[in-house]
Amino acid sequence: MTQALDLVLPHSATLGEGLLWRDGRWWWTDIEAATLYAWRPGEAGPQFCRLPDRLGSFAHCRSGRVLLGLAKRLALATLGEDMELGHLQTLAPVDASEPRTRINDGRTDRSGRGGGGTRNEAREKRAIGSFYQYSMAHGLRRL
């Protein structure tokens, strides 16, 4: 028996990733558009926050802030009710001396540490990306 699917939110993205359900909303990023989206079912369209650089990953913190994996740095951001970007604090540069990589994906573990990786964006696809972990206690660590 085949069931039909209904499209509930027509939306296009250049490079959409990171779909996450939190606090009654779907959250995702369009990496190339440097935008974080949030949509509550039943709303006409998503709210969004434009960021200063491509967003490869994000995680919600207990403090209410959002940990952002921007292209070459980890940052903490405050978002207003309408998804306006408030204070943006850089926590650590990531692969700063390697221009071919950017943060690509990440999540938090059960202890709240951020983890993720970088990817090579150059035409030659050598394996030069790395995995990292971030915590307030230890800062950024390459794994």
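## E43 and R40

E43 is partly exposed, at 32% relative accessible area. Its partner is R40: the two side chains form a salt bridge, with 3.7 Å from N to O. R40 is also partly exposed, at 34%. Both values come from a predicted model.

Side chains of opposite charge can pair when their charged atoms come close. The E43 and R40 contact counts as a salt bridge because its 3.7 Å falls within the 4 Å cut-off.

## Other salt bridges

The structure holds 7 salt bridges. One of them joins D23 and R22, at 3.4 Å from N to O. D23 is exposed, with a relative accessible area of 60%. R22 is partly exposed, at 31%.

E98 and R100 make another, with an N to O distance of 2.7 Å. Here E98 is buried, at 18% relative accessible area. That label applies because buried means under 20%. R100 reaches 26% and is partly exposed. Elsewhere, R54, R102 and E121 belong to one network, joined by salt bridges that share partners.

## Aromatic pairs

There are 3 aromatic pairs in the structure. One of them is W28 with Y37. The ring centres lie 5.3 Å apart and the planes meet at 10°, so this pair is stacked. W28 is buried, with 10% relative accessible area. Y37 is buried as well, at 9%.

Y37 also pairs with F48. These ring centres are 6.0 Å apart, and the planes stand at 50°, so the pair is tilted. The angle falls in the tilted class because stacked needs planes under 30 degrees apart and edge-to-face needs over 60. F48 is partly exposed, at 41% relative accessibility.

## The ring cluster and its strands

Which residues do ring pairs link into a cluster? They are W28, Y37 and F48. Y37 takes part in both pairs described above: with W28 and with F48.

The Y37 and F48 pair also connects two strands. Y37 sits in strand β3, residues 35–39, and F48 in strand β4, residues 47–50, so the contact ties together parts that are 11 residues apart in sequence.

Notes. Residues numbered from 1 in each chain as written. Predicted model: local features only at pLDDT ≥ 70, side-chain atom pairs only at ≥ 80, totals over all residues. Heavy atoms only, no water. Buried < 20%, exposed > 50% of the residue type's maximum accessible area, 1.4 Å probe, protein only. Phe/Tyr/Trp six-rings, centres within 6.5 Å; stacked < 30°, edge-to-face > 60°. Helix = DSSP H or I, 4+ residues; strand = E, 2+ residues; numbered from the N terminus.
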